Amino acid sequence: MHFVIYLPSGFYAAIASSVVEILQAINVLSDSDIFTFEFVSKHTHAVSRSAISFNAATKPAKKADVLILLAGAGAQAIPEHNLLAVEAKRAAPFIKAAQRHGAIIAATCGASYLLAANGLLDGKRATISWWLKGAVQERFPAVRWEPSRIVVKQGNIYTSGGGFAGLDLISNLLTDLGFAKELKRVRKIMLLPPAREFQSPYEIPVTEMIGSFEKQLSKLLKDNMEVISLDFLSKEMGMSSRTLSRRFREELNTSPGKWIQEKRMEIAKKLLGETKLSISEICYRVGYEDLASFSRLFSNTTGMPPGEFRRETGR
């Protein structure tokens, strides 16, 4: 079984190496060359973000049974969606070839953007790095995004969340290919972390990307979470409810109600992960009076109930 691994500009060397190490470890344990692999890239010397160079081919030497797409956009590159758009064009020939050959296609981290930009995810379920979820939901509305999940499989397409979620992706893929027994041994030998289902516990607010309008709103939010509402914001911002709603649409591409709800959930996650406050107290602190409604909304937002979220974050 031949793996072709696409290396974009600024990829994570640790992910590329880990995928290959896992494949080679299964080969050693099986005393057979079950898996072969090669790196492909725009350049014959693909350089990672840590300046580690990988030998790569500009065209695959063999037909891919599995194409793995890495991505180079990190959390600090949120506004640089044009970089991902460029990578989508560069990766297109490899993606199209894999499609023609009926290969499995797996995208790690932000590489789901590459698949979406090439039309492979329309009407399909997919996940992506949590810091890109807003951008892809706006740009690719035909995709059924599930950004709280670590790995999503839809047919012969696998997508995964940010960073080292690529390890969860390769584990899921190899299990589905029938190598669960070998993978279990490799996980023990390599001390790989336990399999995870959700990436929502690992999200952090990206405050440096907030514009002046949202900064004003966030200041009001900080000490008024329990009473925050459209009327409250309108009064404090000195504008009518209609004008405020228009500003939300123009500058944040959302409604005041949805923004307030997202911020409540964001603060609830922070309190669950960083304090020992009871779930009931957190519910009231973020502006909800009914614990059952809060828990249901939290589960719908993050993919897990508040108690499980807290356990996942280690409190």
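Q: Which residues do ring pairs link into a cluster?
A: The model is predicted: local features need pLDDT of at least 70, side-chain atom pairs count only at pLDDT 80 or more, and totals for chains, interfaces and linings use all residues. Residues are numbered from 1 along each chain as its sequence is written, and side-chain values use heavy atoms, leaving out hydrogens and water. Rings of Phe, Tyr and Trp (its six-membered ring) pair if their centres lie within 6.5 Å. Ring pairs link one cluster of Phe11, Phe37, Phe39 and Phe54.

Q: How many aromatic pairs does the structure hold?
A: The pairs include the contacts that build the phenylalanine cluster. Over the structure, the number of aromatic pairs is 13.

Q: What geometry does the pair of phenylalanine 11 and phenylalanine 54 have?
A: Planes under 30 degrees apart count as stacked, over 60 as edge-to-face and the rest as tilted. Here the ring centres are 5.3 Å apart and the planes stand at 75°, so phenylalanine 11 and phenylalanine 54 are edge-to-face.

Q: How many residues apart in sequence are the parts that this pair ties together?
A: Phenylalanine 11 lies in the loop between β1 (2-6) and α1 (13-30). Phenylalanine 54 lies in strand β4 (residues 53-55); strands are DSSP runs of E, at least two residues, and helices are runs of H or I, at least four, numbered from the N terminus. The pair therefore ties together parts whose separation in residues is 43.

Q: Is tryptophan 130 buried or exposed?
A: Buried means under 20% relative accessible area, exposed over 50%, partly exposed in between (1.4 Å probe, protein chains only). Tryptophan 130 has 11% relative accessibility, so it counts as buried.

Q: Which tyrosine ring has the charged end of arginine 49 over it?
A: A charge sits over a ring if NZ of Lys or CZ of Arg is within 6 Å of the ring centre and within 35 degrees of the ring normal. For arginine 49, the distance to the centre is 4.3 Å. The ring belongs to tyrosine 12.

Q: How much space lies in the largest cavity?
A: On a 1 Å grid over the protein atoms alone, a cavity is a set of points where a 1.4 Å probe fits but cannot get out, and lining residues have an atom within 4 Å of a point. Its volume is the space filled by probe spheres set on the points, which are joined across faces, edges and corners. Tyr12, Ile15, Leu70, Ala71, Thr108, Cys109 and Gly163 line the largest cavity. Its space is about 50 Å³.

Definitions and conventions: On a 1 Å grid over the protein atoms alone, a cavity is a set of points where a 1.4 Å probe fits but cannot get out, and a pocket is an open set with protein on both sides within 12 Å along at least five of seven lines; lining residues have an atom within 4 Å of a point.
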